[in-house]
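Look through the model before reading on. The paragraphs below follow some charged pairs and then some strands.

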Amino acid sequence: MQLSRRDVLGVGVLGAAAFFIPAQPLLAQAARNRLPESRLPAPFQQELTVPPVLAPVRTDATTDYYTMTMRSADVPIVPGLRPTTIFGYNGITPGPTVLVRRGATAGGRAPARDVVVRHINALPTTHPTLRYTPTTSVHLHGNASLPQYDGWAEDLTAPGQFKDYLYPNDQDERTLWYHDHAVHHTAENTYMGLAGLYITDEGLNLPLPKGRYEVPLVIQDKIFDTDGQLLFLDNGQKALMGDVVLVNGKPTPFLKVERRKYLFRILNASTSRAYRLALSTGEPFTFVSGDGGLNPRPQQAAEFRIGEAERYGVVIDFAKYRVGQQVILRNLPLKNNDDLPSTRQIMRFDVAAEATDESNNEVPAVLNPGGSPFDPMPLTENQAVRTREWRFKRHQGQWSINNQFWDPARMDAAPGQDDVEIWTFDNRSGGWFHPIHVHLTDFKILDRNGQPPLPYEVGPKDVAYAGEGEVVRVIAKFGPRRGKYMMHCHNVIHEDHDMMTNFEVGTGGPDPVAAAPPRAVTNPLPPLVKPPSTA
């Protein structure tokens with residue numbers, strides 16, 4: 001019989017200890033089979049690649065329709081070792097990028113287009129080494145989806161099933177990402193590769209770098225065994241810290257650049273690791289966007305920390321460097337992150353040529369004048385109708401919020417629709433850092449330990465890095481949808497064990513499980529149509 005983690009927690013202290021004893025030799029064997037430092041991939045041997053853009057299977061007047069299949073695949077990652085078994089959307093990791101272009105019309109901005117994605121779970125019925133059943137729940141991180149399409153942790157699609165997800169794109173343009181959110185297995189599923197980018201047309205009408213000068217960087221860290229396979233070692237349910245850094249699936253790659261500005265959309269898609277990034281030249285980054293889209297104005301900083309699930313749009317001007325110069329994106333030490341020789345360099349930029357195109361080579365002084373209904377940046381403290389406090393700490397051997405664990409039946413907050421609230425994220429227990437993600441809504445960081453937010457945080461956010469000993473206050477307007485949503489730590493080891501809670505916006509919202517359940521895969525599949533969108 002295969003016991004779930006909840007089953008184990010319920011057998012009592014002596015029973016749990018007895019259960020885990022047989023697993024220890026397996027963990028010890030896995031550690032012995034870990035790829036030694038001497039055999040880790042050498043840096044800067046592979047050129048950076050960019051995930052392919054997914055083409056819609058059809059479009060109509062209002063909606064673009066896509067199909068993705070989650071499946072196991074063997075992909076080459078570590079040179080000299082056999083291909084690595086991954087779980088990938090369409091069998092690749094990162095998955096294909098969904099690119100939503102809205103553009104402009106003679107009267108201004110064109111209406112937002114909806115997107116429908118059919119996600120088919122064709123994963124094996126049992127994980128090849130961890131032996132769980134890889135059920136999935138797809139979360140489009142940063143999208144104000146209805147509850148039944150938001151990736152509710154208990155809204156599970158089993159192997160052999162599919163679900164059609166509806167995504168509105170009526171928020172400010174932004175860098176989003178889609179990833180698995182299955183209850184108690186988010187860490188394993190995303191670590192195996194279930195993550196990809198979803199980009200709305202941020203900056204399309206500004207002279208920011210575009211096209212080949214606009215480059216996504218999906219940063220992850222992994223552990224490999226001597227056979228080239230992924231090892232899942234979570235340090236007693238605390239954190240998984242890899243010793244190989246992948247950027248867009250390549251170990252510590254290089255990118256040839258021209259002498260001009262580039263816009264990099266940086267996503268930290270790691271399981272547990274945060275990064276403190278800096279250029280080897282000491283030059284500052286120019287920050288143009290955050291999780292929720294364009295900043296009001298550009299900001300500069302010579303280094304920045306980026307927690308799990310955070311996204312930053314940064315501009316680097318390579319016109320400052322001569323042809324032939326190399327600039328390394330470095331990872332500086334950061335508390336509670338394993339500082340390993342192999343993780344101190346993320347990638348290298350090789351200045352290879354003069355600029356061949358000088359268009360869209362500016363950073364405007366004003367990026368986002370605001371004005372959208374749920375833009376959090378104009379919000380002020382006197383608009384808040386209430387304040388809530390959330391304490392993040394280790395409790396009874398698990399990870400807790402306000403000393404409570406995940407329970408889908410318990411709602412821990414009930415903001416009214418369109419209410420403005422201040423939420424305080426209290427991490428004064430200090431044991432670990434916690435990147436806190438609030439579903440549905442964007443927020444503005446008011447302060448950290450009573451001080452103004454860091455320069456690169458002065459923009460719309462949906463993840464707040466609550467560092468060790470920090471108290472972070474944020475303000476948000478809750479909407480535009482009604483229903484049940486989640487808040488959790490995005491160290492997904494912590495999320496799975498059980499640092500996640502629920503809140504319900506307004507009343508009468510659709511049930512996140514019952515409103516749009518998955519269906520069995522049939523041959524042929526039913527036509528791909530727009531699913532119900534009633535709230």
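Which residue forms a salt bridge with R519? In this predicted model, the partner is D164, and the closest N and O atoms are 3.1 Å apart. R519 is partly exposed, with 42% relative accessibility, whereas D164 is buried at 8%.

A search of the whole structure finds 32 salt bridges. One of them links R273 and D221, with 3.0 Å between the closest N and O atoms. R273 sits in the loop between β16 and β17, while D221 is in strand β12, so this pair ties together parts 52 residues apart in sequence. R273 is buried, at 1% relative accessibility, and D221 is buried at 1%. In the salt bridge of D426 with R428, the closest N and O atoms are 2.6 Å apart. Here D426 is buried, at 9%, but R428 is exposed, at 59%. Salt bridges with shared partners also join D291, E310, R311, K461 and D462 into one network.

Now turn to the strands. Strands β24 (residues 386–395) and β25 pair in the antiparallel sense over 4 bridges, and R394 stands opposite W399 of β25. The two strands form a hairpin with 2 residues between them, and Q396 in the turn has a positive phi of about 55 degrees. In a regular strand, side chains alternate between the two faces of the sheet. On β25, Q398 and S400 are on one side and W399 and I401 on the other, and all are buried.

How values were computed. Residues are numbered from 1 along each chain as its sequence is written. This is a predicted model: local features need pLDDT of at least 70, side-chain atom pairs count only at pLDDT 80 or more; totals for chains, interfaces and linings use all residues. Side-chain values use heavy atoms; hydrogens and water are left out. Buried means under 20% relative accessible area, exposed over 50%, partly exposed in between (1.4 Å probe, protein chains only). Two strands pair if DSSP finds at least two bridges between them. A salt bridge is a side-chain nitrogen of Lys or Arg within 4 Å of a carboxyl oxygen of Asp or Glu.
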